[in-house]
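Here is a short briefing on one protein chain. Please look over the sequence and the model before reading on.

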Amino acid sequence: MPSACSNTPAAPRVTAAYLQPLLETAAARGVDAAALATAAGLAPDRLAPLPERLSAADYIALLDAGSRLAADPHFGLHVGERVRPGTFSVYGLVLLACRDLGQALEQTQRYEQLAHDLGRSRLAPAGACARYTWTSHYPHASRHLAESVFAGIRTFGSWLAGRPLAPRALAFAHRCPDDADPAEYARVLGAVPAFDAPAHTADFDPALLALALPAADTGMYPLLQQHAERLLRERAQAAGDIVAQVHAAIVRTLAREPARLAGIAAELDMSARTLQRKLADAGATFQQVLDAARHALALDYLRQDGLSLVDIAFLLGFQEQSAFTHAFREWSGMNPGAWRERAQAGLV
């Protein structure tokens, strides 16, 4: 079993195990580690030996460099195809011990951060379907990031289930690439995605959540979960209280005015640059903490019938209701009005 992480705070990163499929995909297409690193703006020896961790920004740069050097327009898909249980570190071991696919997806939401800080998963009902949503922490990254994540989830999920799994519908927030090959999307992802969607999503039959995982070692689950929980606590301790402090300061500030980096930093008696550095050390950005605070407040406000969407947008520091609607769709995968209707019906 892997040893516990260091208590030294770290910027957003991917683990060595999560990086490995990318390097293997490049190597299979004749791109060695030194050339890949150089093309991504890194030192030629940065990837050999394999680093214990790599910054998330450097990982994204490697995805793009790999696609260019290999002349592979679907490089992200092919990286995702190479995932295996070890790719996800300790959290991958937890998934191997889950009794069914639903439990595996629940644990993905909690432990994904043990493998990377690229984004976060969410599972929620969506009409007659179950919807998996992946929210990228790097929304301006190329399509290869989201496509590698979805290809990896489908590859590993099919391996866990013992049979190919295919979504009812698949959608990406990025535009359809000019060099897209629908057949390659169908082969790797089990469906041809829609593009320019509000979020990165996969809809599937809710009955799949009860699908038993034939190779599951459920007897190991309690031990592996305890280990994963300890690693989460160590990450939280390494991050310190700065994220919680900023979150609380944002909530207080939004009660009277829009929250800005400089103002929050002044309230916490530090410069804006220092606050940005402390948040980076904790694996977060000011925008991420602001979004999390606004999202939590929005859910509370939407349950209050006396507040209109215009009122809520104002309370959250948005200048226009349309900006709030767009942000909420990014956070929750649906419009705030639709979420309010589901809340009133007791569905959320």
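The points below go from the overall fold to the aromatic pairs.

This is a predicted model. The chain holds 16 helices and six strands. Within the whole structure, a search finds 14 aromatic pairs.

**Overall dimensions and packing**

- Along the principal axes, the C-alpha atoms fill a box of roughly 55 × 50 × 45 Å.
- Buried residues make up 47% of the 348 in the chain.
- Take the contacts in the chain with a separation of 6 or more: 68% of them are between residues 24 or more positions apart.

**Surface and charge**

- The chain has an accessible surface of about 16,000 Å². Carbon and sulfur atoms account for 54% of that surface.
- The chain carries 32 positive and 35 negative charges.

- Two values describe a pair of aromatic rings: the distance of the centres and the angle of the planes.
- The search of the whole structure gives 14 such pairs.
- The ring centres of Y185 and F195 lie 5.6 Å apart. Their planes meet at 70°, over the 60 degrees required, so this pair is edge-to-face.
- Y185 sits in helix 8 (residues 182-189), while F195 is in the loop between helix 8 and strand 6 (200-204). The two residues are ten residues apart, and their pair links distant parts of the chain.
- Y185 has a relative accessible area of 1% and is buried.
- F195 stands at 19% relative accessibility; the cut-off is under 20%, so F195 also counts as buried.

**Aromatic pairs: F318 and W331**

- F318 and W331 form a tilted pair, with 6.4 Å from centre to centre and 50° between the planes.
- F318 is in the loop between helix 14 (309-315) and helix 15 (321-332), and W331 is in helix 15. The pair therefore ties together parts that are 13 residues apart in sequence.
- F318 and W331 are both buried.

**Aromatic cluster**

- Which residues do ring pairs link into a cluster? They are Y18, Y59, F88, Y91, F156 and W159.

Note on methods
Residues numbered from 1 in each chain as written. Predicted model: local features only at pLDDT ≥ 70, side-chain atom pairs only at ≥ 80, totals over all residues. Heavy atoms only, no water. Helix = DSSP H or I, 4+ residues; strand = E, 2+ residues; numbered from the N terminus. Buried < 20%, exposed > 50% of the residue type's maximum accessible area, 1.4 Å probe, protein only. Contact = heavy atoms within 4.5 Å. Areas by Shrake-Rupley, 256 points an atom, 1.4 Å probe, with all protein chains shown as cover. Lys, Arg positive; Asp, Glu negative; His and termini not counted. Charge placed at Lys NZ, Arg CZ, Asp CG, Glu CD. Phe/Tyr/Trp six-rings, centres within 6.5 Å; stacked < 30°, edge-to-face > 60°.
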